[in-house]
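Here is a colleague's note for someone opening this structure for the first time. Please keep the model in view while reading.

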Amino acid sequence: MTITIVGRKCSPRESFKARAEEKLQKVEKFFGPDATAKVTATVEKNAKIVEITLQKGGFIFRAQERSDDLEESLDVCVDSLIRQIRKNKTKLERRLREVSFDEVFAVPEPVEEEEYEVVRTKHITLKPQSVDEAILQMNMLGHSFYMFRNAETDGVNVVYKRRDGGYSVIEPDDMD
């Protein structure tokens, strides 16, 4: 597994990097050596945040944790990723028609499949808007996310409110 460790507003210590690589060995058994992991450590005024993003064959798993200690956040993130993988094993297995799930992810315990029920379908008209206008509209509606057509790029984007109070925009990549 290729592991990249970066720091935002900090420089992670060698002991943190070694611990991250050690903890991610638990996850590597699910993915194999050709997966990639990005660990981002952020230090804010009163919190230490660790975010881990794993990628393997088009599948992305992500976990983020905030606490008073980077190592504690790292431990919770790795545990969360393992739970995500086990929970979604049967759903992911259906999507991997060419290669069996056990060959790619080697998860030991099957988990009962959870059924999703769509209770409502909503149709919307996407008007060209700036990101600021979309955030304002989202806040006026009292939603945590809002889909809109970006006036600058003419692409369909989603803006959402983050747990830390900030906002993010999701922009799809062109699939050329």
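The points below go from the overall fold to single residues.

1. **What kind of model.** This is a predicted model. Read every value below as computed from that prediction.

2. **Overall layout.** The chain has 176 residues, and 34% of them count as buried. It holds five helices and eight strands. Starting at the N terminus, the elements run β-α-β-β-β-α-α-α-β-α-β-β-β.

3. **Helix α2, its length.** Helix α2 covers residues 70-87, which is 18 residues. At 1.5 Å a residue it should span 26 Å. Its end C-alpha atoms are 26 Å apart, so the helix agrees with expectation.

4. **Helix α2, its buried side.** Which residues of α2 are buried? They are L70, S73, L74, D75, C77, V78, S80, L81, I82 and I85. An α-helix has 3.6 residues a turn, so residues three or four places apart point the same way.

5. **D75 and R19.** The structure holds seven salt bridges. One of them joins D75 to R19, with the closest N and O atoms 2.6 Å apart. D75 sits in helix α2 and R19 in helix α1, so this pair ties together parts that are 56 residues apart in sequence. How well covered is each partner? D75 has 18% relative accessibility, so it counts as buried, the cut-off being under 20%. R19 has 30%, and therefore counts as partly exposed.

6. **D75 and K23.** D75 also forms a salt bridge with K23. Here the closest N and O atoms are 3.5 Å apart. K23 lies in helix α1 and D75 in helix α2, so the pair ties together parts 52 residues apart in sequence. Both D75 and K23 are buried. Taken together, R19, K23 and D75 are linked in a network of salt bridges.

7. **R66 and E44.** Another salt bridge pairs R66 with E44. Their closest N and O atoms are 3.3 Å apart. R66 is in strand β4 (residues 59-67), and E44 is in the loop between β2 (36-43) and β3 (48-56), so parts 22 residues apart in sequence are tied together. R66, at 37% relative accessibility, counts as partly exposed. E44, at 26%, counts as partly exposed too.

8. **The loop between β1 and α1: P12.** P12 is found in this loop. Is P12 buried or exposed? Its relative accessible area is 14%, so P12 is buried. P12 and L70 are 58 residues apart in sequence, yet their C-alpha atoms are 9.1 Å apart in space.

9. Most residues other than glycine have a negative phi. Why does K9 count as exposed? Its relative accessibility is 70%, and exposed means over 50%.

10. **A positive patch.** K9 belongs to a surface patch of positive charge. The patch gathers R8, K9, K38 and K45.

11. **D154.** Phi of D154 is near 60°, again a positive value in a residue other than glycine. D154 lies in the loop between β6 (145-150) and β7 (156-161). With a relative accessible area of 52%, D154 is exposed.

12. **A nonpolar patch.** Which residues make the nonpolar surface patch? I124, M147 and V156 do, and the patch has an area of about 230 Å². M147 is in strand β6. Its relative accessible area is 37%, so M147 is partly exposed.

Key. Residues are numbered from 1 along each chain as its sequence is written. This is a predicted model: local features need pLDDT of at least 70, side-chain atom pairs count only at pLDDT 80 or more; totals for chains, interfaces and linings use all residues. Side-chain values use heavy atoms; hydrogens and water are left out. Patches are made of residues with over 30% relative accessible area and no salt bridge: like charges are joined within 9 Å, nonpolar side chains (Val, Leu, Ile, Met, Phe, Trp, Tyr) within 5 Å. Accessible areas come from the Shrake-Rupley method with a 1.4 Å probe; for residues, only the protein chains shown count as cover. A salt bridge is a side-chain nitrogen of Lys or Arg within 4 Å of a carboxyl oxygen of Asp or Glu. Lys and Arg count as positive and Asp and Glu as negative; His and the chain ends are not counted. The place of a charge is taken as NZ of Lys, CZ of Arg, CG of Asp or CD of Glu. Buried means under 20% relative accessible area, exposed over 50%, partly exposed in between (1.4 Å probe, protein chains only). Helices (H or I, at least four residues) and strands (E, at least two) are DSSP runs, numbered from the N terminus. The expected span of a helix is 1.5 Å times one less than its number of residues.
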